[in-house]
Amino acid sequence: MPKVRLLWQGATYEVEAQPTEPLYAAIQRIGLPAGETILTARTDGTIHELSAPIGEATTFELLGWEAPEGRWVFWHSSAHLLAEAILTFWPQAKLTIGPPIEQGFYYDIDFRGDAPSPEDFPKIEAKILELAAQPEFFVRKKVSKAEALAYYQARQNPYKIELIEELPPEEITFYESGNFVDLCKGPHLWHSGPVRAVKVLGLAGAYWRGDSRNPQLTRVYGISFPSQALLEEYLRLQAEAERRDHRLLGKQLDLFSFHEEGPGFPFWHPKGMRLLNALQDWLRQKLLRNGYEEIKTPIILTQTLWERSGHYENYRENMYFTMIDEQPYAIKPMNCPGSTIIYRTQLRSYRDLPLRLFEFGLVHRHELSGVLTGLFRVRAFTQDDAHIYCTPEQIQEEIAALLQLVEQVYAAFGFTEKEVYLSTRPERYIGSLELWAQAEGALQAALQVAGLPYTLNPGEGAFYGPKIDFVVRDSLRRKWQLGTIQLDFSMPARFGLTYVGADGKHHTPVMIHRAILGSFERFVGILLEHTAGDLPLWLAPIQVKLLPVSDKFLAYAEEVWHLLKARGLRAALDASNERLNKKIWAAEQEKVPIMWVMGAKEAAARTVAIRNRLERTQAENVPLETAIAQLMQAVQPPA
RNA sequence: GCCAUCGUAGCUCAGUGGUAGAGCACUUCCUUGGUAAGGAAGAGGUCGCCGGUUCAAUCCCGGCCGAUGGCUCCA
């Protein structure tokens, strides 16, 4: 009898098995939890259902909830349960497609004018759990095209018929579970037993095949879990994310606002500017220490410049245009063309390279009205942009230095968990194959030297060069793409940039576009959600708030206030005629990290009582000079 | 841009075919209070904008503007 190897939770099992028997039988024979915590399997890089015959494969990696493939299959089967539940209440509904997604699943359904509403969600959820508990076995059935068509013609479902018409006739499969049958290629769970918690999340309009000329369907979103505890954890995270919404925090902390007078264009309030400036000052100093020079280029430049750069051809829909003295101009959507103009102001030698020019450049982009979202998607933003001009040989060293810089910058905000993506030459590209090979090799080598694990995205690079993208995870483990490093073989040539090499001849430099935070506006939004508004001292708009116990001590408080301001500390004074409790409460609402309470004792002894919000500590009778020195120390930004 | 929902005081929200309310914030007064909201009074809105229906519209209808969620995850 042939043997197969099973890998499960770090252990390897060998078991005798017939090629014709289903995988779950072999798994069960050695006492492993097939169909319970084991959800599916992988062999040769493809998912192998537990109910499928073992076949010729000899090694199976068994996958549970922790594996993305495990959840994928879990949610795919859950989508079938959702559809089955819905058909029991809305028998007239026509199913279309119901795939798993990154967080759950959905099913697009034509309800024929009688769609469910959120009040119906509980009964749908209850029905799904009832079906799941039976449990239902997912049985794969190969059917002929004629059978398949007949089935859906009888059910008057034009969508499924359309799908079937486009499928290769020999590859049509149905999945049966309970009384439910669905056209589906799988893969699925062996049975529905592990589905123990489910939530219908919401409804959305979606067009058949994503085309607005097609009928409008109702998309029902859902998510399911193998335990109630996991569902509750998910709901807790959702609620937490809602609580941390940067749009609410921006209002609560009085940082920025949006108005009809400028949709998608943020208005920064005084406290928001303090934060934004602290961020920019810090990064500016860091870049200057790292071999960069700062530049600033105009916001409005002639249209001919953008024609030359290629933006007019490729990016026009996102650009704003204007006329000056009857000449067409454009508002810059990117900073690179301006940077190249500064490069060209001198004859550059290879000795000048690499030349690192950074610009906190304000760019405007016409985003579709429907996608604007707080600071995350705006129509005007400030990039922490830089362009590095170097020789092809210098690429690797420059990238290595950049990787270090990126690491340091992210660490300064507590973004310690990051993912790196390397995108390589696409089908449509410019530049020589040799240059591409050298550049991709340099990026790869730099990543390897830095010991950074990365995901390869073959063919996903820009047409003008390969790139590295950085994605960080915030405190709720949500992903945010921040930085990007893009090699550019196109623009230096388009703008005729050259440098004189050691051989005395002119050469074309390579241009590295790079942003670390991406945009300051978006980054502030991410930082607010990451920290729930509890910004670190070095960024806090108000670092310390002075709370006199009564207005008898206002004079002392004002004196201290001036001392703090003179030292460049961001201090505020609560001079209101309120009780201490109220002042503390108000400062808490503002999320002020440090409060100094001062009353009779303090005024007499020239001390302060320090309340630290984040550390939840209090210190009494701290001499003023000591307190100031401590504070000066504490507000120091990271290196 | 498309679909759905929403738009009432600075903020969060309640409400009605007969020209509008609460809490917080704001102003004034009382209180001078020691670690998360002291008390009282007052002021504040052409109910997003434009048009229509009606004796009468914040409410019903249409258009526009804005916000929110979704819209390339294809059995």
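**The surface near RNA strand B**

Reply: In this predicted model, a base nitrogen of RNA strand B lies 2.7 Å from a polar backbone atom of V549. A polar side-chain atom of R611 is 3.1 Å from a base oxygen of RNA strand B. In the side chain of Q618, an N or O atom is 3.4 Å from a sugar or linking oxygen of RNA strand B.

These contacts belong to a wider surface. There are 52 residues around RNA strand B, and L183, Y207, S369, S550 and N577 come nearest. On the RNA side, sugar and phosphate account for 47% of the atoms of RNA strand B that come within 4 Å of the protein.

By class, the residues of this surface comprise 21 nonpolar, twelve polar and 19 charged.

As for secondary structure, helices and strands both contribute. The helices that each supply at least two residues of the surface near RNA strand B are α5 (158–166), α7 (246–252), α17 (580–589) and α18 (600–605). The strands that do so are β12 (197–207), β13 (216–225), β33 (607–612) and β34 (617–623). Of these elements, α17 gives the most, with six residues. R611, whose side chain approaches a base oxygen, falls within β33 (607–612). Q618, whose side chain approaches a sugar or linking oxygen, falls within β34 (617–623). Y207, one of the residues that come nearest to RNA strand B, is at the end of β12 (197–207).

Note on methods
Residues are numbered from 1 along each chain as its sequence is written. Chains are lettered from A and ligands numbered from 1 in the order in which they are written. This is a predicted model: local features need pLDDT of at least 70, side-chain atom pairs count only at pLDDT 80 or more; totals for chains, interfaces and linings use all residues. Side-chain values use heavy atoms; hydrogens and water are left out. A residue is near a molecule or strand if one of its heavy atoms lies within 4 Å of it. A polar contact is a pair of N or O atoms within 3.5 Å; within protein, one must be able to donate a hydrogen and the other to accept it, and residues adjacent in sequence count only if both atoms are side-chain atoms. Helices (H or I, at least four residues) and strands (E, at least two) are DSSP runs, numbered from the N terminus. Ala, Val, Leu, Ile, Met, Phe, Trp, Tyr, Cys and Pro count as nonpolar, Asp, Glu, Lys and Arg as charged, and the others, Gly among them, as polar.
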